[in-house]
Amino acid sequence: MRYLHTMLRVRDLDAALDFFVGKLGLRERRREQNEAGRFTLVFLGTGTDGDSGEIELTYNWDQSEPYPTGRFFGHVAYEVDDLYATCERLRAAGVAILRPPRDGHMAFIKSPDGHSVELLQHGQALPRQEPWASMPNHGSW
């Protein structure tokens, strides 16, 4: 058995791609459009050698209302080389850091559709550093 992907429904494909590709740094691997079913699938990956895991963004063309957020969906997680630098880059791009990396190990953000994304420091946690160490949580993740 091998992991293939996590599917996320999105209401605005352009906003979702701006977040996952433009801000988070994933890469579009392939795209499928289904005229009869009126949907588009966009598969994203990290682009890292040996990492075959993907996020499948499902855009239903006729969906106008937000999708309800269910607690059955937890989060998607990505390992990063420098958690502080990643959070600073995302914050500069307008992404709210909902659970700051106070411990140098973990942070949480959300996509425009409310999907929770966990960022984990590769290897050992980084030493505590301001402004992150004293930054409060915001909202839910």
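Three strands of the predicted model form an open sheet of mixed pairing, in the order 5-7-6. Helices (H or I, at least four residues) and strands (E, at least two) are DSSP runs, numbered from the N terminus, and two strands pair if DSSP finds at least two bridges between them. Strand 5 (76-80) and strand 6 (106-110) are the edge strands of this sheet, each pairing on one side only. Neighbouring strands are turned by 25° against each other on average, direction ignored; axes are lines fitted to C-alpha atoms, for helices over the stretch in contact, and angles run from 0 to 180 degrees between N-to-C directions. Five bridges join strand 5 to strand 7 (residues 116-121) in the parallel sense. Within this pairing, Ala77 has Glu118 of strand 7 as its bridge partner.

Helix 2 (residues 83-92) packs on the sheet and touches strand 5, strand 6 and strand 7, its direction making about 145° with that of strand 7. Contact here means heavy atoms within 4.5 Å. The model is a prediction in which local features need pLDDT of at least 70 and side-chain atom pairs count only at pLDDT 80 or more, while totals for chains, interfaces and linings use all residues. Residues are numbered from 1 along each chain as its sequence is written, and side-chain values use heavy atoms, with hydrogens and water left out.

The buried residues of helix 2 are Leu83, Tyr84, Thr86, Cys87 and Leu90. Seen down the helix axis, the buried residues of helix 2 fall within an arc of 160°, so they line one face of the helix. The arc is that of the directions from the helix axis to the C-beta atoms; buried means under 20% relative accessible area, exposed over 50%, and partly exposed in between (1.4 Å probe, protein chains only). The cover over these buried residues includes helix 1 (13-23), strand 5, strand 6 and strand 7. At the start of helix 2, a side-chain oxygen of Asp82 comes to within 3.1 Å of the backbone nitrogen of Tyr84. Just after helix 2, Gly94 has a positive phi of about 95°.

Ile109 lies in strand 6. Ile109 is buried, and its relative accessible area is 0%. Leaving aside residues up to four places away in sequence, Ile109 touches residues including Phe19, Leu24, Leu90, Val95, Ile97, His115, Val117 and Leu119. A distance of 9.1 Å separates the C-alpha atoms of Ile109 and Cys87, which are 22 residues apart along the chain.

A further open sheet consists of four strands in the order 1-4-3-2, again with mixed pairing. Strand 1 (5-10) and strand 2 stand at its edges, each with a single partner strand, so one side of each is left without a neighbour in the sheet. The twist from one strand to the next averages 20°. Helix 1 packs on this sheet, touching strand 1, strand 2, strand 3 and strand 4, and its direction makes about 5° with that of strand 3.

Strand 2 (residues 27-34) runs antiparallel to strand 3, to which seven bridges join it. Arg27 has Gly45 of strand 3 as its bridge partner, and Arg30 stands opposite Phe43 of strand 3. The two strands form a hairpin with four residues between them, and Arg38 in the turn has a positive phi of about 60°. Strand 3 also pairs with strand 4 (residues 54-60), in the antiparallel sense and over six bridges; here Thr40 stands opposite Tyr59 of strand 4. Six of the seven residues of strand 3 (residues 39-45) are buried, so strand 3 is largely enclosed by the rest of the structure.

The protein chain as a whole contains two helices and seven strands, and along the sequence these follow the pattern β-α-β-β-β-β-α-β-β. The radius of gyration of the chain is 16 Å, close to the 14 Å that the globule rule gives for 141 residues, so the chain is as compact as a globular protein of that length. This radius is taken over C-alpha atoms, and the globule rule is 2.2 Å times the number of residues to the power 0.38. The C-alpha trace spans about 55 × 35 × 30 Å along its principal axes. Of the 141 residues, 38% count as buried. Among contacts between residues at least 6 apart in sequence, 57% join residues at least 24 apart.

Methods: A polar contact is a pair of N or O atoms within 3.5 Å; within protein, one must be able to donate a hydrogen and the other to accept it, and residues adjacent in sequence count only if both atoms are side-chain atoms.
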